Amino acid sequence: MYEKQHLHPITILLKLLKIVKETIAGFAIIFILNIKNIPWNPADPNFKWTLLGLFVVFFLLCILLVFVWLSWRKHVYWVENDELHVEKGLFVKKHQYAPFERIQSVNFKEGIFHRPFGLVKVSIETAGSEDSGIDLTAISREQADWIDTATKRAKRQEKVAKEGVIAEKEEIVTRETVYKMTTKNLFILATTSSGIGVIFSAVAAIMSQLSDIIPYELIFNELKDFMKIGILIVSLIVFVILFISWLISVVITYLNHANFMVEREGNRLFISKGLLEKKRVAVPLSRIQGIKIVETPFRQLFGFAAIQLESAGNTEDEGESKISLVPLIKKREGLAVLAELFPGYQFEYTLTKAPKRAWWRFVLFASAWAILPVAAVSYFVPHGYGLYSLILLPFLMFLGYLKYRSSGFALYDKQLTLVTRSISKETFFVMKHRIQALGVGQSVFAERGNLARINVSIVAGTAESETTLRFFEKDKLMTIFNWYRPMN
C-alpha cells in the first residue's frame, strides 16, 4: 500500500460495461430489433453501407478501448504519511488524498465480476464537499480490509489524542447483529415492490417494438373469433405485461435484498445485502440527521413499514439521498430496533392532529390540480372514453382525506416528530440540533382560517431534505417555531 499501485485490470472491463450500459445499450436494442431490415446479402447494392457501419462501430470501439486502458494506466493509489492518495486523469490530472482520521465511512461492493477474483469496489467518504469521495473500482479484499482497519486505528488514535488519555492496549470492538431479514419478509418485500411500475413501462415499450417478431395481428385475428369484445383482448395483453413485470420485479428485488443484515460496531452501523452483487454500507451514527418510517397504503394494512435514515453525505448509491436501514419489517418490531439503536430518541408519541375544519382544504389541495386536465381529456377524447378519467378525481379526493387523517406533530424535549402523507405515510423523527432550517408560512387563503404550514429542513446526502406540514392552526405551529428558536 505504500507504493503506487494500479487498480485490478478487471477495471477496464467494468468501465467498458458501464459506458455500454449508459450510452450504447439503447442503440444496441434498436439495432437488434431492426436487424432483419439491414442488408446482409453481399449481392444487395446497399450492402456497402452495412460494411461501412460495421467498420465505424469497430473503429469507435477500438478508440474507446484505448481510452479506457490509458485511463486505467493513469489511475494509481498509495498510502503516504497516514494518508490515502489517489492520482487519476488522462488529459487533466486529479490528485485526491484523504487522511485516515478524516475518513467517515468505507463502503464495499462485490459485483459478479469482482467475486471470482476476490476483489471489491471501495467507496470512501470523507468530510468535505460532494466531490470529496474516493472510489477504487477493483482492489483486493485484503487491501480493502487494510484501508478499513487503518481508518479505525486512526479514529482511535484521534480520540485518544483529544481526550488526553494514553491507551495501554488497543480497544477491542465487537460487531453485533441488530437485524437480519427473514425469508418471509424478503418474499413480501419482493412481491410488493414499487419497482413494478418502471418495469411495466420498460416491458410494454419493448413488446411494442417486437411487432416484426411477435405476430400480434395473427394473434388478434385468432382471438377475436373467441372474444368479440375488443376490450377483453386489451385487458388480456395488459394482464400478461403486468404479470411479466411483476415476475421481473420479484426477481430483481430478491437479488438486491437477499442476505440483508444490519450490524453495529461501536458507533457505526454496517448494512449489507445482495446475492449476485454484495454491498456493504458503513454508516457513522454521528452523521444520522433524521429517521423516517415509511408505510405504503398496501403494506400499512398488514402492519408493515420501511425504515430510512437521513445521513449527512453518506448514501447507499450515487444520486440517492437516503439509506435503507430496514426495507420491510413489522412496524412494532421496527420501533424496537430503532429504540435499541437510537436510545436518545423517543418513538412513543401523542400527535397533535390537524383541526377538523381543515379537512376540506386537504381534499381540495390534493385534487384541484387535476380538474382542468380531467375536463380536457373528458371533452376531447372521442366516443366517451375520456369520461373514464373522472375516476381520478374521487381517488385524489380520498387521498386528500387520508392526508388529513394522517397528518400530525409531536414535541418531546429536544425532538420533533412529524407525520405526513403523499401516497405513503411518513413518520419523521429529528433532533433539534439536526434541523438546518425551520419556517412557518401562511397563504392569503389559509390566513382567513388561521391556518398555516411549517417547513423543516435537514441535511440529506449532499443536499437538503424538506418535510412540510400543511393546514394546521398557526398558534400550534408557532409552538414548534418558538421551541426551535434560540433563546436570547
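**Group meeting: strands, a helix and some rings**

Let me start with one detail: S105 has E125 in β6 as its bridge partner. Before I go on, a word on the source: this is a predicted model, where local features need pLDDT of at least 70 and side-chain atom pairs count only at pLDDT 80 or more, while totals for chains, interfaces and linings use all residues. Residues are numbered from 1 along each chain as its sequence is written, and side-chain values use heavy atoms, with hydrogens and water left out.

Back to the strands. β5 (residues 103–110) and β6 (residues 119–126) run antiparallel and are joined by 6 bridges; strands here are DSSP runs of E, at least two residues, and helices are runs of H or I, at least four, numbered from the N terminus. Two strands pair if DSSP finds at least two bridges between them. Both belong to an open sheet of 7 strands with antiparallel pairing, in the order β7-β6-β5-β11-β10-β9-β8. The edges are β7 (134–140) and β8 (175–180); each has a single partner strand, so one side of each has no neighbour in the sheet. On average, neighbouring strands of this sheet are turned by 20° against each other, direction ignored.

What packs on the sheet? That is helix α9 (residues 331–341), which touches β8, β9 (261–265) and β10 (268–273); contact means heavy atoms within 4.5 Å. The direction of α9 makes about 160° with that of β8, using lines fitted to C-alpha atoms, for helices over the stretch in contact, with angles from 0 to 180 degrees between N-to-C directions.

Now the rings. The structure holds 14 aromatic pairs: rings of Phe, Tyr and Trp (its six-membered ring) with centres within 6.5 Å, called stacked with planes under 30 degrees apart, edge-to-face over 60 and tilted for the rest. Y345 and F347 are stacked, because their ring centres are 5.8 Å apart and their planes at 15°. Y379 and F380 make an edge-to-face pair, 5.0 Å centre to centre with 90° between the planes.

Buried or exposed, Y345 and F347? Both are buried, whereas Y379 and F380 are exposed; buried means under 20% relative accessible area, exposed over 50%, partly exposed in between (1.4 Å probe, protein chains only). Y345 and F347 also sit in one aromatic cluster with F342, Y349 and F429.

Last, the charged end of K330 sits over the ring of F304, 4.6 Å from its centre (NZ of Lys or CZ of Arg within 6 Å of the ring centre and within 35 degrees of the ring normal). Thanks, everyone!
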